[in-house]
Amino acid sequence: MSGVTEGADAAASGAGATIGPVPADAASERAEAAAPDAASSPTSTTARADAVELGAPDATELGAPPTAGAAASGTVWLVGAGPGDAGLLTLRGLRALESADVIVADRLGARGVLDGLAADGVHLTAEVIDVGKLPGHHAVPQDAINALLVREAQSGRTVVRLKGGDPYVFGRGGEELFACQEAGIDVRVVPGVTSAVSVPALAGIPLTHRGVATSFTVATAHDQLLPLGGGRDHTVVLLMGVGTLAHSALTLARGERGGDCPVAIVEDGFGARQRVTVGTLATIAAQAAERGVRSPAVVVVGDVVRLSPYAPAALASLDLTFDPLAVPRKAPSL
């Protein structure tokens, strides 16, 4: 993408935009305003990546213990596809796909990666079985997916279970791992880039930032949010949160964060209709309804949202004494 395309409503309010490359000047201005002088920051460290053999590593190397009696059957690889961009698939994950006899693929993330690889000229010979789930509709129940993995591996095939994001971040990868292990199947796990971190980054939102936020929590909006304590320096990332957005916003506003706590919704990250909407806990539900926000989307709550170049200027000057639960004070407009 060559730039940022503003929607008509976003142009008027500065509260939403189609995601493009983060403007360098805007990003640097917000970073300078939010953080102390860079010279005082801790010395950075450089990670060294050792060369590894990617052919057929031992299961223990990948974090899953080898299973007794697995030699007579095939192997199941639990591979994290990332958020849907083929460029964010790991090299080990690609090697697993290339060696697979069958790929059992999710709808989100996984299908985008397979399409992206094909567009890049990567030819995969494996049979692809789609077990994708839609919100509120699971065409293939989880028990049936588990049984499918076991059956295919027991027939001697190399199976890749391609899961959106990371297999162990709200991906039910642990259930699939245990089902295969109970059946004596060798399981190998390949981590993936979770949308909880990568999609906010696409909108220029760091989940932690020196002087702004020191911790973050990832939850689904179906979880009980009342136990999520902390203030606006504790970032909250909500997955699968569009349908319950109004309730989640009200619940979080009742706590220490308050109704003026910044919120960003990033729709369809790395997809064709990626878009960001920025508001507060007091206003975000109405903004989302007005803009027709749809799943998939990642919701970020906390002061780190102020660092995004897509945050409207008014967000930096909100009346911090505003309480959405107090009547009859008027909510600040964005």
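Trainee: What percentage of the residues in the chain count as buried?
Mentor: 47% of the 334 residues count as buried. Keep in mind that this is a predicted model.

Trainee: What share of the contacts join residues at least 24 apart?
Mentor: If you take contacts between residues at least 6 apart in sequence, 69% of them join residues at least 24 apart.

Trainee: OK, helices. At what angle do α5 and α6 pack?
Mentor: About 45°, and their axes are 9 Å apart. α5 covers residues 142-154 and α6 covers residues 173-182.

Trainee: What do you call that arrangement of α5 and α6?
Mentor: Oblique. The crossing of α5 past α6 is right-handed.

Trainee: Which residues meet there?
Mentor: From α5 you have Gln142, Ile145, Asn146, Leu149 and Val150, and they meet Glu175, Glu176, Ala179 and Cys180 of α6. By class, the residues of that contact are 5 nonpolar, 2 polar and 2 charged.

Trainee: What about α8 and α9, what angle do they pack at?
Mentor: About 160°, with the axes 9 Å apart. Angles over 145 degrees count as roughly antiparallel, so α8 and α9 are roughly antiparallel to each other. The crossing of these two is right-handed.

Trainee: Which residues make the contact between α8 and α9?
Mentor: Leu245, Ala246 and Ala249 on the α8 side meet Ile284, Ala285 and Ala288 on the α9 side. That contact has 6 nonpolar residues, with no polar and no charged ones.

Trainee: Switching to strands. Where does Ala219 lie?
Mentor: In strand β9, which spans residues 215-220.

Trainee: Buried or exposed?
Mentor: Ala219 is at 5% relative accessibility, so it counts as buried; the cut-off for buried is under 20%.

Trainee: What is Ala219 in contact with?
Mentor: Setting aside neighbours within four places in sequence, Ala219 is in contact with Phe170, Leu228, Val237, Leu238 and Leu239. For Leu238, the C-alpha to C-alpha separation from Ala219 is 5.2 Å, and the two are 19 residues apart in sequence.

Trainee: Now the backbone. Which peptide bond is cis, with omega near 0°?
Mentor: The one from Ser295 to Pro296. Pro296 lies in the loop between α9 and β13.

Trainee: I also noticed Arg172. What is its phi?
Mentor: Positive, about 60°, although Arg172 is not a glycine. Arg172 lies in the loop between β7 and α6. With a relative accessible area of 37%, Arg172 is partly exposed.

Trainee: And Phe270, what phi does that have?
Mentor: Phe270 has a positive phi of about 70°, and it isn't a glycine either. You'll find Phe270 in the loop between β11 and β12. Its relative accessible area is 25%, so Phe270 is partly exposed.

Trainee: How far apart are Pro309 and Gly204 in space?
Mentor: 6.5 Å from C-alpha to C-alpha, though they're 105 residues apart in sequence.

Trainee: And Leu307, where is its place?
Mentor: Leu307 is also in the segment after β13. It is buried, with a relative accessible area of 9%. The C-alpha atoms of Leu307 and Val212 are separated by 9.3 Å, and these two residues are 95 apart along the chain.

Trainee: Great, that's what I was after. Thanks!

How values were computed:
Residues numbered from 1 in each chain as written. Predicted model: local features only at pLDDT ≥ 70, side-chain atom pairs only at ≥ 80, totals over all residues. Heavy atoms only, no water. Axes fitted to C-alpha atoms, helices over the stretch in contact; angles between N-to-C directions. Helix = DSSP H or I, 4+ residues; strand = E, 2+ residues; numbered from the N terminus. Parallel < 35°, antiparallel > 145°, perpendicular 65-115°, else oblique. Left-handed = near helix turned anticlockwise from the far one by under 90°. Contact = heavy atoms within 4.5 Å. Nonpolar A, V, L, I, M, F, W, Y, C, P; charged D, E, K, R; others polar. Buried < 20%, exposed > 50% of the residue type's maximum accessible area, 1.4 Å probe, protein only.
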